[in-house]
Amino acid sequence: MPRRFDQARPFFTLGLVLLVWLILPGAIKRFARLSFYELKAPVDLAASYVGELQDFWSQKTRTNNELIAAARELAAVNASYEFRMRDDARLRTEISRLEELLRLPSYGEFRSEPARVVRRDFNAWWQRIIVRKGSNHGILVGSPVIYSGGLAGRVVEVRSTTSVVELISSPGLRLAAVFDGDDRPVSFQGGVNPPLRPAQGVLEFVPLDLFATPAAPRSLVTSGLGGIFPPGLIVGQVVQLELGTDGLFKTGRVLIDERLGRITEVTVLVPIDASVVNAPGQTAP
Amino acid sequence: MPTSFRQVFILCLCACVLQSLAGQFNHLVAPFAITLDLAGLLIAFAALRLSFGPALVVALFTGLWVDAYDPVSFGRHAFLYGLAVCLIHQLRGRLPREETFVCVVAALFVNLALCVVGGFLDLGSLPDPAAGALRLLADLVASQLATALLGPWFIALQLRSLQLLGAEPVSALRRYA
């Protein structure tokens, strides 16, 4: 064999592999991806369960006095939640009454599905988490996901025992939001993730009469328009607004709650009417 | 079982272990907005010590393993790792490739090259490329440090695992003796 070809043989082989891969039917690639994913998922699931076992044994080392103090705190929190639940029921009744009175369409109904975070996968290109519930718990692609700090993101992939959630800090996620107390929609996109600092997002199409500074930030919440996110969920704090290049709108920065980086527990809002997330133009990419 | 099959099996298993450990570490340090990518270590040993066929299989399997979770076209990392194996395989004749130091340096160069390629391909798609580049640089520095620190251990792990299963690659000195 000529020496020149011998030297190029590795690249020729790789080219051949690439060619075969390119002409391979999409179904086979999807099957291969799914297989690799399901092969990999138990590793992270096992690590997550081991972590919980570690927590359990570390909690066992607590003294009775510490446990009594924790129970007392928990009782106070429970009392506060009970009050809020009663208030919530009252407000729901009020909303239904007003909807009937004003003949307004009711908001989409969701079923809450709490889920533990198995893995946080944050880098410059994407910000995703894997949660420990999947199609076996009825999770649907496109479902909104919330956490203690507000909106966390949306489900982009659902497997049998796990689901992948794209966070609001990911560049792939755009949504229509409004300033708290204002009803004009603005465009939010995640994706500014500087090192050693909390994630940020970018705002576009902000009306000129809105202002926000680091000293006087404004809350940004979901608008409920053109998507699956229910209105009123906190997205972040707008800390900077400046005139855009076109002069017609402002652009700005949104500081996302730093708890998103430490997220361990989320709630998936699974729409009771599955067509809400499966409607054309509303499915996750 | 043929030796090359055992070599591929063991190195793929080691790569999966390292990848899982890196994933767990990234999970823990996520609040600090830093990510480790040990791609170079996953393939450097295979590219330097195995013959081309098994090394390419290890790179393709490892790449697909990485691609399974990542929101990129399935096969992208596999192709990039395969390309890195081809390049290292071309150069390895001129290197003392059985030295751990050489293996670690090869891993560092692979990390750097993959970071540069990633930057060229995707940096423009970020809403703030400057902040993205800064994050990419910080991740690269952390990854290079981790590669340099973990490299000798991981190379030893691969070598000892191969020895344990009687699939140690033939050394260049023995081959030409």
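Reader: How many bridges join strand β1 of chain A to strand β12 of chain A, and in which sense do the two run?

Author: Strands of a sheet pair through backbone hydrogen bonds, either parallel or antiparallel. In this predicted model, strand β1 (residues 110–122) and strand β12 (residues 265–271) of chain A run antiparallel and are joined by seven bridges. Two strands count as paired if DSSP finds at least two bridges between them. Helices (H or I, at least four residues) and strands (E, at least two) are DSSP runs, numbered from the N terminus. Residues are numbered from 1 along each chain as its sequence is written, while chains are lettered from A and ligands numbered from 1 in the order in which they are written. Local features need pLDDT of at least 70, side-chain atom pairs count only at pLDDT 80 or more, and totals for chains, interfaces and linings use all residues.

Reader: Which residue in β12(A) stands opposite F110(A)?

Author: F110(A) faces P271(A). β12(A) also pairs with strand β3 (residues 144–147) of chain A, in the antiparallel sense and over two bridges. There, V145(A) is opposite V268(A).

Reader: In what order do the strands β1, β2, β3, β4, β5 and β12 of chain A run in their closed barrel?

Author: The order is β1-β2-β5-β4-β3-β12, a closed barrel of six strands with antiparallel pairing. From one strand to the next, the twist averages 40 degrees.

Reader: How many residues does each chain give to the contact between chain A and chain B?

Author: Two residues are in contact if their C-beta atoms, placed from the backbone, lie within 7 Å. Chain A gives 37 residues and chain B gives 39. On the side of chain A, the elements that give two or more residues are α1 (3–23), α2 (26–60), β1 and β7 (186–192). The most come from α2(A), with nine residues. By class, this side has 21 nonpolar, seven polar and nine charged residues. Ala, Val, Leu, Ile, Met, Phe, Trp, Tyr, Cys and Pro count as nonpolar, Asp, Glu, Lys and Arg as charged, and the others, Gly among them, as polar.

Reader: What does A131(B) touch, leaving aside residues up to four places away in sequence?

Author: A131(B) touches V192(A) and P194(A). A131(B) belongs to helix α6 (residues 129–164) of chain B and is partly exposed, with 19 other C-beta atoms within 10 Å. A residue is buried if 20 or more other C-beta atoms, placed from the backbone, lie within 10 Å of its own, exposed if 12 or fewer, and partly exposed in between.

Reader: How many helices and strands does chain B have?

Author: Chain B has seven helices and zero strands. Of its 177 residues, 46% count as buried.

Reader: At roughly what angle do the axes of α2 and α3 of chain B cross?

Author: Two packed helices are described by the angle between their axes and the distance between the axes. The axes of α2 (residues 39–49) and α3 (residues 52–67) of chain B come within 8 Å and cross at roughly 170 degrees. Axes are lines fitted to C-alpha atoms, for helices over the stretch in contact, and angles run from 0 to 180 degrees between N-to-C directions. That makes α2(B) roughly antiparallel to α3(B), the term for angles over 145 degrees. The contact joins L42(B), I43(B), A46(B) and A47(B) of α2(B) to A55(B), V58(B), A59(B) and T62(B) of α3(B). These residues divide into seven nonpolar, one polar and no charged.

Reader: How many of the residues of α2(B) are buried?

Author: Eleven of its eleven residues are buried. Their cover includes α1 (3–29), α3, α4 (76–91), α5 (100–122) and α6 of chain B.

Technical notes
Parallel < 35°, antiparallel > 145°, perpendicular 65-115°, else oblique.
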